[in-house]
Amino acid sequence: MPDRQVITPPRNARADFLAASGIIALWAITRMLMLRIFTLPNSNYIVGDVNYYKWWLTSSQLPVSQILQEYPVPVIWGMKLLVWASGGQGATYFLPLFAVTMMTLDAVMTLALWRAGHRFGTVWWVLFVFALGPIMWFRFDMVPAVCMGLATLWYRRHPAACGAAIAVGASIKLWPALLILPMIGRNRPATRRLVSFAVTGGFLALASLVTTSWSRLVSPLTWQSDRGLQIESVPASIPMIQRLFESAGEHVVAMSRFNAYEITGPGVSLWTALSSLLMAVAVGVAVILGVTSWQRDGLSHRTVALASTVIIGALIVSNKTLSPQYFVWWGAAMAVLLDGFSGEPEAPEASLIRVRRTGAVAAGALFLTGVLTQCVYPLSYGHVIGTPPQGWAISLLVARNAMALLTVAVAGIALRRSLADTRPLPEPVADTLPEKIGNAARSL
């Protein structure tokens with residue numbers, strides 16, 4: 001006997017249509033406001049990085065192995081594709097095409113959250129990207145961010161796609177490779193995630209090695225290790241405050257050969273060493289989460305999402321380099337936390353309610369971090385790096401860094417509660433093609 005057809009009540013269909021229309025309108029309005037911010041004199045200089053990419057790709061006349069060595073090779077492949085699509089050697093339309101590509105990825109993440117039923121997360125993502133501002137269109141960090149967001153969404157339902165997304169993100173920014181650790185286990189979905197991650201990542205690494213060289217393959221790592229203390233980093237907060245109150249100019253801010261403003265002076269080496277120590281701790285936390293996941297044979301979906309936010313946040317706040325676009329990495333995983341996950345009870349226990357509320361507080365703190373980030377860069381950056389610096393601008397920078405630390409702390413509390421109070425749920429695996437055909441046949 002055929003299954004009874006389910007008819008959606010007109011009121012629900014109308015409500016869904018209005019909700020979808022509302023999120024589309026919110027996305028469009030906020031992106032137009034971002035465009036308006038971009039036109040401001042203290043904002044439109046943010047295209048410098050994209051012009052830097054374009055020069056290396058079109059004017060240097062050097063092979064891939066010798067250009068943009070601070071970035072992994074797959075980044076160059078993607079930009080070469082944009083050069084070709086924007087007119088070839090002249091790359092006349094490279095800048096607008098680059099911006100449209102990042103905007104499209106932003107829309108993809110919005111749609112993915114909405115389709116997965118993460119309504120609050122969708123609204124939060126749209127507003128968070130707006131809080132960070134138009135710099136999101138002129139840096140390629142939206143690529144690993146969307147990879148991490150999709151991986152967090154697909155953790156249970158599409159484990160193979162989840163592992164592949166992490167590998168692609170790691171091929172762009174390296175650090176996302178750590179996010180596979182809280183997703184490992186001995187069950188079938190965990191194995192599929194790990195195998196997909198290894199195969200995809202191995203293929204991209206091998207292709208990079210074959211098309212360039214070993215030294216080019218590892219050049220992003222050596223580039224990062226050689227850098228100094230970037231002025232926006234959390235460990236640089238104290239030296240930047242000292243610079244504000246000193247009169248002899250002991251602390252100096254200048255553009256380094258790494259195309260970033262770095263600070264030098266008394267005590268800076270100590271903060272740089274502390275940064276390295278904290279980075280080791282952040283990696284250690286990721287490893288501990290991986291061991292915990294293995295021992296428990298997998299974690300719940302919410303716990304994995306919290307683990308991802310803690311790992312990303314710990315890496316950001318401990319790093320000696322910090323650029324404003326890095327926060328979008330954090331936001332993609334955080335957006336997934338603001339709604340329920342499939343398999344969670346409709347009437348959650350008190351422990352789960354506490355975890356959800358603490359996660360929501362972390363999301364609020366991260367949103368404020370995004371607002372302060374745009375206020376620092378690009379809107380008041382000249383007053384941060386100027387000589388002498390302006391007290392109100394340094395205050396914004398320090399407040400942003402403090403809010404980032406608060407976000408990590410609150411997310412860590414939520415993760416600890418989730419690990420203590422929840423257990424992994426059975427992980428559904430997406431139907432195979434034969435199963436889908438069989439299900440369709442039975443419904444006829």
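Student: Which residues does Asp226 touch, not counting residues up to four places away in sequence?

Tutor: Good place to start, but a quick word on what we're looking at. This is a predicted model, where local features need pLDDT of at least 70, side-chain atom pairs count only at pLDDT 80 or more, and totals for chains, interfaces and linings use all residues. Residues are numbered from 1 along each chain as its sequence is written, and side-chain values use heavy atoms, leaving out hydrogens and water.

Now to your question: Asp226 touches Arg257 and Phe258, once residues up to four places away in sequence are set aside. Touching here means a contact, with heavy atoms within 4.5 Å. Asp226 itself lies in helix H9, which covers residues 214-226. (Helices are DSSP runs of H or I with at least four residues, strands are E runs of at least two, and both are numbered from the N terminus.) With a relative accessible area of 48%, Asp226 is partly exposed. The cut-offs are under 20% for buried and over 50% for exposed, with partly exposed in between, using a 1.4 Å probe and protein chains only. As for Thr58, its C-alpha sits 27 Å from that of Asp226, and the two residues are 168 apart in sequence.

Let's follow the chain onward. Asn259 is in the loop between strand E1 (252-255) and strand E2 (261-264). Its phi is positive, about 60°, although Asn259 is not a glycine. Why point that out? Most residues other than glycine have a negative phi, and most peptide bonds are trans. Asn259 counts as partly exposed, at 44% relative accessibility. Asp297 also has a positive phi, near 60°, and is not a glycine either. You'll find Asp297 in the loop between helix H11 (268-296) and helix H12 (301-318). At 26% relative accessibility, Asp297 counts as partly exposed.

Glu344 is buried, because its relative accessible area is 15%. It sits in the loop between helix H13 (327-336) and helix H14 (350-379). The Glu344 side chain makes a polar contact with the side chain of Arg302 at 2.8 Å, and another with the side chain of Arg356, at 2.8 Å. (A polar contact is a pair of N or O atoms within 3.5 Å; within protein, one must be able to donate a hydrogen and the other to accept it, and residues adjacent in sequence count only if both atoms are side-chain atoms.)

Next come two cis peptide bonds. One joins Tyr377 and Pro378, with omega about 15°, and Pro378 lies in helix H14. The other joins Thr387 and Pro388, with omega about 0°. Pro388 is in the loop between helix H15 (381-385) and helix H16 (391-421).

Finally, let's zoom out. The protein chain has 17 helices and two strands. Its radius of gyration is 23 Å, close to the 22 Å that the globule rule gives for 444 residues, so the chain is as compact as a globular protein of that length. (The radius is taken over C-alpha atoms, and the rule is 2.2 Å times the number of residues to the power 0.38.) The C-alpha atoms fill a box of roughly 85 × 50 × 45 Å along the principal axes. Buried residues make up 49% of the 444 in the chain. Of the contacts between residues at least 6 apart in sequence, 77% join residues at least 24 apart.
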